[in-house]
Amino acid sequence: MSDATLPDTIGHGSREDLFSRFRELGIETETHTHPPVFTVEEAQTHCSHLPGGHCKNLFLKDKKKQLWLIVTRDEQPVDLNALSKALGAPRFSFGKAELLAEVLGVIPGAVTPLALINDRDLRVKVVLDAAMMGLELLNYHPLSNDATTAITPQDLMTLLASFGHQPRLFDFAAIS
């Protein structure tokens with residue numbers, strides 16, 4: 001994907017803005033750079049050696065146009081039909097790249113709960129895998145898919161609260 005095809009993310013926070021928020025909140029993280037990755041499989045190639053849980057992030061829109069960010073362990077299967085029913089949401093579909101850029105300021109392949117720093121209007125409902133939150137460390141892209149940042153689940157919750165989000169913890173095993 002060339003720079004010319006990237007969605008416009010002007011007006012959104014940068015990685016430095018995110019890291020500044022970490023410092024303001026006293027959150028310690030560790031970030032590793034790697035080649036850009038666009039799929040869970042590509043991320044595993046470059047990041048599987050990093051300690052902690054590796055995650056996948058789904059930016060979805062339901063039939064009533066409500067936006068959702070679903071965050072699970074990378075190996076967790078997600079049945080979108082069963083999930084929409086369990087969450088009481090009308091049928092899910094994937095959000096388009098332009099909407100992702102508009103709301104979260106990232107491109108496909110860089111979806112991350114850390115991008116909620118850009119959801120200033122709180123348009124996105126956040127659902128976190130309850131089992132994932134029991135891990136010692138979690139790994140997410142810091143607004144771009146050429147790096148991975150490790151954060152504790154407790155610090156993730158603190159960070160998301162600082163953005164105004166109160167995520168729902170969900171047991172994905174119940175619908176698998």
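**Strand pairing around β7**

Strand β1 (residues 30–33) runs antiparallel to β7, and the two are joined over four bridges. Strands are DSSP runs of E with at least two residues, helices are runs of H or I with at least four residues, and both are numbered from the N terminus. Two strands count as paired if DSSP finds at least two bridges between them. This is a predicted model, in which local features need pLDDT of at least 70 and side-chain atom pairs count only at pLDDT 80 or more, whereas totals for chains, interfaces and linings use all residues. Residues are numbered from 1 along each chain as its sequence is written, and side-chain values use heavy atoms, with hydrogens and water left out.

- Strand β7 also pairs with β6 in the antiparallel sense, over three bridges.
- Ala 150 of β7 is the bridge partner of Glu 30, and Ala 150 is also the bridge partner of Asn 139.
- A hairpin is formed by β6 and β7, with six residues between them; in its turn, Leu 143 has a positive phi of about 80°.
- Five of the five residues of β7 are buried, so the strand is largely enclosed by the rest of the structure. Buried means under 20% relative accessible area, exposed means over 50%, and partly exposed lies in between (1.4 Å probe, protein chains only).
- In a regular strand, side chains alternate between the two faces of the sheet.
- Both faces of β7 are covered, with Ala 147, Thr 149 and Ile 151 buried on one side and Thr 148 and Ala 150 buried on the other.

**Helix α1**

- Leu 18, Phe 19 and Phe 22 are the buried residues of α1. Seen down the helix axis, they fall within an arc of 95°, so they line one face of the helix; the arc is that of the directions from the helix axis to the C-beta atoms.
- Arg 23 and Glu 24 are exposed on the other side of α1.
- The buried residues of α1 pack against β1, β7 and α5.

**Aromatic pairs**

- There are three aromatic pairs. Rings of Phe, Tyr and Trp (its six-membered ring) pair if their centres lie within 6.5 Å; planes under 30 degrees apart count as stacked, over 60 as edge-to-face and the rest as tilted.
- Phe 19 and Phe 22 have ring centres 5.7 Å apart and planes at 25°, so this pair is stacked. The two residues lie three apart in helix α1, about one turn of the helix.
- The ring centres of Phe 170 and Phe 172 are 5.0 Å apart and their planes stand at 80°, so this pair is edge-to-face. Phe 170 counts as buried at 9% relative accessibility, and Phe 172 is buried at 0%.

**Nonpolar cores**

- The largest nonpolar core has 34 residues, and those with the most contacts inside it are Leu 18, Leu 104, Val 124, Tyr 140 and Leu 156. A nonpolar core is a set of buried Ala, Val, Leu, Ile, Met, Phe, Trp, Tyr and Cys residues joined through side-chain atoms within 4.5 Å.
- Elements giving two or more residues to this core include α1 (15–25), β2 (53–62), β3 (67–73) and α5 (153–162). Helix α4 gives the most, with four residues.
- Another core lies apart from it and has 13 residues, among them Leu 60, Ile 70, Ala 89 and Phe 92.

**Selected buried residues**

- Arg 73 lies in strand β3 and is buried, with a relative accessible area of 17%. Its side chain makes a polar contact with the side chain of Gln 76 (2.6 Å). A polar contact is a pair of N or O atoms within 3.5 Å; within protein, one must be able to donate a hydrogen and the other to accept it, and residues adjacent in sequence count only if both atoms are side-chain atoms.
- Leu 160 lies in helix α5 and counts as buried at 0% relative accessibility. Leu 160 and Ile 117 are 43 residues apart in sequence and 7.9 Å apart in space, C-alpha to C-alpha.
- Pro 142 is placed in the loop between β6 and β7 (147–151) and is buried, with a relative accessible area of 0%. Leaving aside neighbours within four places in sequence, Pro 142 is in contact (heavy atoms within 4.5 Å) with residues including Leu 18, Phe 19, Thr 31 and Thr 149.
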